[in-house]
Amino acid sequence: MAHADIPDDLLRLAAAHQVEPDYRGHDGLQHRASADTVRKVLAALGVDASTPERVQVALAHVENMPWRRVLPPVVVVRQGRHAHVPVHVTHGDPVRVWVEIDPEAGGGRREVPQADVVVDPRTVDGRLVGRATFTLPADLPLGWHEMHAMGPSGSAHSPVVVTPDRLHLPEAVEHDRAWGLMAQLYSVRSRASWGVGDLADLAELCWLAGEQMGADFVLINPLHAAEPVEPLTPSPYLPTTRRFVNPLYVRVEDVREAGYLSAADRSLVEWAAEPVLPLDSDPGPIDRDVAWAAKRAALEVVFAHPRSPARQAAFEAFVEEQGEGLRTFALWCALLERYGPVAGWPAELRDPTSPAVAAAAEELADRVELWTWLQWVADEQLARAQQAARDAGMAIGVMHDLAVGVHPEGSDAWALQDVLATGASVGAPPDMYNQQGQDWSQPPWDPTALARAAYRPYRDMLRTVLRHAGAVRVDHVIGLFRLWWIPQGNGAADGAYVRYDHEALVGILALEAHRAGAVVIGEDLGTVEPWVRDYLADRGVLGTSVLWFEQDVHGAPLPPEHYRPLVLATVTTHDLPPTAGYLAGEHVALRERLGLLTRPAPEVRAEAFAERDRMLAALRQRGLLGEDASEREVVEALHRWVLATPSRLVGVSLADAVGERRAQNQPGTDQEYPNWKIPLADGSGHVVLLDDLASNARLRSLARVMQR
């Protein structure tokens, strides 16, 4: 397509950095970013395209960059396939290449043969550089290997990541259907919670779902860490880091040392709990700040209690295993305690590698140890929850959720600033639900810098999320292929897509899931290029189907037999009201009340009720619903519809199962609605506690539907 408003050289530079000015919108039309937006996106990537002369310099730089390196920064290849690797040396110099095999894959050494490929040399920085091509053996085992090159021009080494061609499902799921509950963990409280559902509640919920209902998984919201001090960001999808866990979910009494406190210290813990335990039955918005203030005070008492030699050794082993990433996160927590939000930190502390930060680490050593200890006890309780799920007979167990990105002033934004782009944020272009586009305020991965880091920050994050998981749901999985970048100062609609190396990102995800024995589900809703779904299915990554979004070209409900088999199919999602509320049109009423509608309310309401009536008619036509059905019967009929699909996994919202009507999240809002603060309740707004779920008639009735 011609670009009358974007010079050809700027287009070439954009293409070299995977910036895509053109995209097809939800309306089916082709849209184009402005030249100014393209320049700003390139600037966020560290590329100066401000003048035609700068564009020429940048083009020469990007074209010569591979020739300046002996080896690529990383090579990612599928198992069973050959890969040609370019090796750059002074023209005419010999070079030898070999691979050191990952010790976890058996270790050893493999020579790499040179291929008969002729490439003309290139003069780079005054030196004539030649390119030799080497072919990696197709039978390298899965794992993180190291390639070495040596010759008169010098030596170099680079990781070689061999990933599964296809991620296979666990045997129990490969040939059979599995179903499970979906829950926002913070909302599922017991009488022993401290105002917020916790990891002990998760273990109990897994036992109940597996042992009593025959479920195979429990999908929960992201457990990524929030701020260490109040106020906490409510959204689990805007964490400070995706690698570590929010200690808000720790059950204080389940920390081993809590059982050995002195009477005086035990009283301190009990006093901390007194004001928050009554909140478990409060129907109002969940107050994370009050709950965390109480827990933090109690956990500091437990932390101060001496650990046995064996326990201390286990703690130290955990810290060593998690490495520098954990220590850096804990230091960020300690600095935030001391100095408040990052924007107010002294300039010398903004760089995590500075001498000032090293000095602060020594000064704050006790606080750093506290924050590393909190990760250890959270890890122990996560392990117990997954073990409880498997002991209850679940084929999968806990299904974790991986958020798209992180808070722009969070731990990852500070610690990983060399691989995150700080001049742009992630979002989405305009669609039928958000006609102004969306800006999620999260800094995106810089694709070039991430590859230069051999994808290790991405790998380390995945390993922590998968550490005690039977599965992981990847929110906005299209982000592994391309992300909508919004330059600072631009509106959400004024952005451009930046493409990523999906072979590397999906491949590494598959490798780490394979090592963890976990299933991967990609949330592939919204505007997704059709080939992406096929690609993910070929790699063994399941997709997502939500009943209300599955429609044919005429807007009628998609027949269940036409659903994709390799998906997690559900009736609803956390960005919609629970089904009882959706059937009543509360998603329209809420948006009208909040001023979010872009068309007249009667028109939108009529469309919503027409959609509902088409669905009810389809249910009746298939004999799944009688006349004058109750709300409960309609909800169960909708789940029977999903059960009639070939979908390998089926999820049931716990909110649906107890008759809740309020949405957990209303996209496009911040303070106007209590997003991510709604406690689990029934249709009358009465809190439903975990302790009472086993006898909840509505839940048991829906569970019987799922079992059949």
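User: Which residues of strand β17 (residues 471-474) point one way, and which the other way?

Analyst: Ala471 and Arg473 point one way, Val472 and Val474 the other way, and all are buried, meaning under 20% relative accessible area with a 1.4 Å probe and protein chains only. The strand itself is a DSSP run of E with at least two residues, numbered from the N terminus. This is a predicted model, in which local features need pLDDT of at least 70, side-chain atom pairs count only at pLDDT 80 or more, and totals for chains, interfaces and linings use all residues. Residues are numbered from 1 along each chain as its sequence is written, and side-chain values use heavy atoms, without hydrogens and water.

User: What makes β14 (residues 397-402) and β17 a pair?

Analyst: Two strands pair if DSSP finds at least two bridges between them. β14 and β17 have four, in the parallel sense, so they count as paired. Asp401 stands opposite Arg473 in β17.

User: Which residue is the bridge partner of Val472 in β20?

Analyst: The partner is Val520. β17 and β20 (residues 519-522) also pair in the parallel sense, over four bridges.

User: Why is Glu274 called exposed?

Analyst: Exposed means over 50% relative accessible area. Glu274 has 53% relative accessibility, so it counts as exposed. Glu274 is placed in the loop between α6 (263-273) and α7 (288-304).

User: Why is Glu204 called partly exposed?

Analyst: Partly exposed lies between the buried and exposed limits. Glu204 has a relative accessible area of 44%, so it is partly exposed. Glu204 is found in helix α5 (residues 199-213), a DSSP run of H or I with at least four residues.
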